[in-house]
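Reader: I would like to see how the labels follow from the values. Please set each term against its cut-off.

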Amino acid sequence: MVGVWIEPVTAQVMMTFLGMVLSAMARPAGVSLPAVLILFSILRKAVEYICECRMAGTQQAFPAQAGCIGLAHPSEAHAVSIMQDWNPGDPSRLFYQIRQRRPLLDRAEGIYLWDRDGKRYLDGCSGAMVSNIGHGNLRVLEAMKEQMDRAAFGYRLHFENEPAERLAALIAGLCLPGHEKVYFVSGGSEAVESCIKLARQCALARGEGSRWQVISRNPSYHGSTLGALAVTGYRPLTDPFLPMMRRMPSIPAPRSYLDRDELSEDERGRRYADLLRDKILELGPASVLAFIMEPVGGASTGALVAPDSYYGRIRDICDEFGVLLIYDEVMSGAGRTGRYLAAEHWNVKPDIVALAKGLAAGYAPLGAMIADEPIIEQVLDAGGFQHGYTYAGNPLACAAGLAVTHELLEQDLMGRASQMGALLKQELDGLMADYPFVGDVRGRGLLLAFELVAERATMQPLPARLNAGARLVELAYERGLILYSRRTREGLEGEHLMVCPPLIITVEQIAELMGTLRESLDALAAELGLSHGAAA
């Protein structure tokens, strides 16, 4: 006989019936032996029938001793009953943001990815500005395998681990002097949450419990968790959750490219920075905890770079009022702008930094908070950092981050980001001669973007109903180029496209990227009736 898994309810009925039989056998005076044998025979036939039905229905059985029935533990029975393989073409059990489906990924190497049908895609945005060193780096994969062979997980309260210690030391050495302490997390949202909570606990440790307000910029994006959303200015993402969180104050982002005044860029930079001073005075300096900003804008502003005068003035204002300066370098950090931290371009040292994305470059989920040592010491002296994540300092993720950072340094990918970024930006600037609906090109290193407009002179956005940015992404995708789009004006209108390939991109690959991008822009112009060409 062959044993089969029996559902919990069936097993319970059978066991009840068996109990009746045993009870009858225990009272021979009340029930005759022939009756007991008849009951036992009925039970055996019922069990055999159920087994045959289950085998016919599921084709899942296991060897059993002759004459024995496999009665599964309820959890085991349930597990086996749902163990069904998934094959391409079957309905998906996954869901993400929207219903749109994409091809199945087969493999990735360098700046390219291939789907199961063999079609090749050029990764023009490094995923979500993540894959800084490209895909399939063998040295990183080998370092991860070596760590997996030793230990894939060790909880931070139980063990310290060498990859985390080595990576922290390396990061501290790459940052501006004073950034001596590193706290590892699993991604950008966690990093920003950690920065905000560290700032608050630092204020408490200093006896400044009245400080709680974190000023940010609008538009901006700092993460998808509720704390990070509270300092984010991107309405499609924040508005649904406003009743659930305490919205933080903000000032306008320094989008000087939209200004039509008589000020110089230097004057505009100081004017935008002074909006922070005005806001601190409006709120009351004793209540303001921190100011958080992206030194080079990310998804919400499309690689926005403020006038140079902005950065130093912001640092001075924060110092004037004892406000902590937090740089969100989740996207701009780890070498993408040509420096390890974008802050270095302006020689401004923030108090706390959020880092992620390119830190492990997609090989493992990894982010970090970097902070001045005096801040950390004050918090630890006051009782410790009341915060944590299960995978903080995970040895496998840190081994990946360590190997990625070695690649960044040994291949001089920061220098390459500067060199290839200058070339790519020059090519993107050239789009403006042939496509009047390309209104602005901006960024630093290989963190670049261009904005689509209805009229360049006024920077009037294209009508939101056209969904021009999303449509351009689709047209490029059809042609084997992956781009990243968002809406520039608080997420409601305005279209920008992020062009941020891996830092390993070559001159020839930039030419390939631009050729496909131009084909896609031509198709968009024809589809939406937008003027283009040298005579436009």
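Author: Buried means under 20% relative accessible area, exposed over 50%, and partly exposed in between, with a 1.4 Å probe and protein chains only. D274 has a relative accessible area of 26%, so D274 is partly exposed. This is a predicted model, in which local features need pLDDT of at least 70 and side-chain atom pairs count only at pLDDT 80 or more, while totals for chains, interfaces and linings use all residues. Residues are numbered from 1 along each chain as its sequence is written, and side-chain values use heavy atoms, with hydrogens and water left out.

Reader: What makes the contact of D274 and R313 a salt bridge?

Author: The term requires a side-chain nitrogen of Lys or Arg within 4 Å of a carboxyl oxygen of Asp or Glu. For D274 and R313 the N to O value is 2.8 Å, so the pair qualifies. D274 lies in helix α10 (residues 265-283) and R313 in helix α11 (residues 308-321), so the pair ties together parts that are 39 residues apart in sequence. Helices here are DSSP runs of H or I with at least four residues, strands are runs of E with at least two, and both are numbered from the N terminus.

Reader: Why does the pair E162 and R166 count as a salt bridge?

Author: Their closest N and O atoms are 3.9 Å apart, and the limit is 4 Å, so the pair counts. E162 and R166 are four residues apart in helix α6, and therefore separated by about one helical turn. E162 is called exposed because its relative accessibility is 54%, whereas R166, at 42%, is partly exposed.

Reader: Is D372 buried or exposed?

Author: D372 is buried, because its relative accessible area is 11%. Its side chain meets that of K349 in a salt bridge of 2.8 Å, N to O. D372 is in strand β12 and K349 in the loop between β10 and β11, 23 residues apart. K349, at 24%, is partly exposed. The whole structure has 29 salt bridges.

Reader: How do you know that the buried residues of α12 lie on the same side?

Author: In α12 (residues 373-381), the buried residues are I375, I376 and V379. They cover an arc of only 95 degrees around the axis, which puts them on the same side of α12; the arc is that of the directions from the helix axis to the C-beta atoms. P374 and D381, on the other side, are exposed.

Reader: What do the buried residues of α12 pack against?

Author: They pack against β6 (179-185), α7 (188-205), β10 (324-329), β11 (352-355) and β12 (367-372), where contact means heavy atoms within 4.5 Å.

Reader: What makes β6 and β8 edge strands?

Author: Two strands pair if DSSP finds at least two bridges between them. The open sheet of seven strands has the order β6-β12-β11-β10-β9-β7-β8, with mixed pairing. Its edge strands, β6 and β8 (250-252), each pair on one side only. The twist averages 20 degrees from one strand to the next; axes are lines fitted to C-alpha atoms, for helices over the stretch in contact, and angles run from 0 to 180 degrees between N-to-C directions.

Reader: How many bridges do β9 and β10 have?

Author: Strand β9 (residues 288-293) and β10 pair in the parallel sense over four bridges. The definition asks for at least two, so they are paired. I326 in β10 is the bridge partner of I292.
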